[in-house]
Amino acid sequence: MALSPPQFWLLKSEPDVFGFDDLVRVGREAWSGVRNYQARNFLRQMRVNDLCLFYHSSTALPGVAGVARVGREPYPDDLQFDPESAYFDPKSTPQNPRWSMVDVVPVLAFPAVLPLDTLRTLPEWQDSPLTRRGNRLSVLPVTPEQFRAALKAAGMDPREVEL
DNA sequence: GCCAACGTTGGC
DNA sequence: GCCAACGTTGGC
């Protein structure tokens, strides 16, 4: 059995709704509500223990607040079946769900938010969907080099999370 | 709050 | 299948 290489991702969240501190508080969260096919397809590639940069969007200081890991492999997003939910999808059925989610678990809070402005200055981040203009992806892949560069720029030792 | 960029919808 | 209209995202 081959061990799959570590995968890295970036997850966007609006801190006014659910920030990294909220993730730390609850300890584990179902990452529901992704309703974009490209983001969903990335989500479905996630595997347990993949590492995620937790990004704060639509806020005064957009940037990465910490690191989370995938705590459960992709499974159907339950909100798609809930008529009361804003994420309800009438075209979804339990037999054929359109939308998936994973669980995420906090790993490491950065001492301070690593600003988007700083990410833009890193050579590794020049060609990322995140730093591209008009980007709207809420789940996107991160290269190992980007992940390491982000940790370093945040003042962290990559060995703290790459166990 | 503004607005550019982008995805989705629906008429044809 | 085209494409204009519309809604949403997200930095500023």
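Which residues surround DNA strand B? In this predicted model, DNA strand B is surrounded by Asn36, Tyr37, Arg133, Gly134 and Arg136. Of the atoms of DNA strand B that come within 4 Å of the protein, 68% belong to sugar and phosphate. Sorted by class, the surface near DNA strand B comprises two charged residues, two polar residues and one nonpolar residue.

The surroundings of DNA strand C consist of Lys12, Tyr55, Ser57, Ser58, Pro62, Leu116, Asn135, Arg136 and Leu137. The surface near DNA strand C divides into four nonpolar, three polar and two charged residues. Arg136 is listed both around DNA strand B and around DNA strand C.

For Lys12, an N or O atom of the side chain is placed 2.9 Å from a phosphate oxygen of DNA strand C. Ser58 contributes a polar backbone atom, found 3.1 Å from a phosphate oxygen of DNA strand C.

Two aspartates were examined within the protein. Asp77 is located in the loop that connects β4 (63-76) with β5 (100-115). Its relative accessible area is 0%, so Asp77 is classed as buried, the cut-off being under 20%. A polar atom of the Asp77 side chain lies 2.9 Å from the backbone nitrogen of Leu79. Beyond the neighbours within four places in sequence, Asp77 is in contact with Ser32, Gly33, Val34 and Arg35, and also with Trp99, Ser100 and Met101.

Asp22 belongs to helix α2, which spans residues 20-26. With a relative accessible area of 14%, Asp22 likewise falls under the 20% cut-off and is therefore buried. The side chain of Asp22 is joined to that of Arg25 by a polar contact of 2.7 Å. When neighbours within four places in sequence are set aside, Asp22 is in contact with Pro15 and Val17. Between Asp22 and Val161, which are 139 residues apart along the chain, the C-alpha separation is 20 Å.

Conventions:
Residues numbered from 1 in each chain as written. Chains lettered and ligands numbered in written order. Predicted model: local features only at pLDDT ≥ 70, side-chain atom pairs only at ≥ 80, totals over all residues. Heavy atoms only, no water. Helix = DSSP H or I, 4+ residues; strand = E, 2+ residues; numbered from the N terminus. Buried < 20%, exposed > 50% of the residue type's maximum accessible area, 1.4 Å probe, protein only. Contact = heavy atoms within 4.5 Å. Polar contact = N/O pair within 3.5 Å; in protein donor to acceptor, adjacent residues only side chain to side chain. Near = heavy atom within 4 Å. Nonpolar A, V, L, I, M, F, W, Y, C, P; charged D, E, K, R; others polar.
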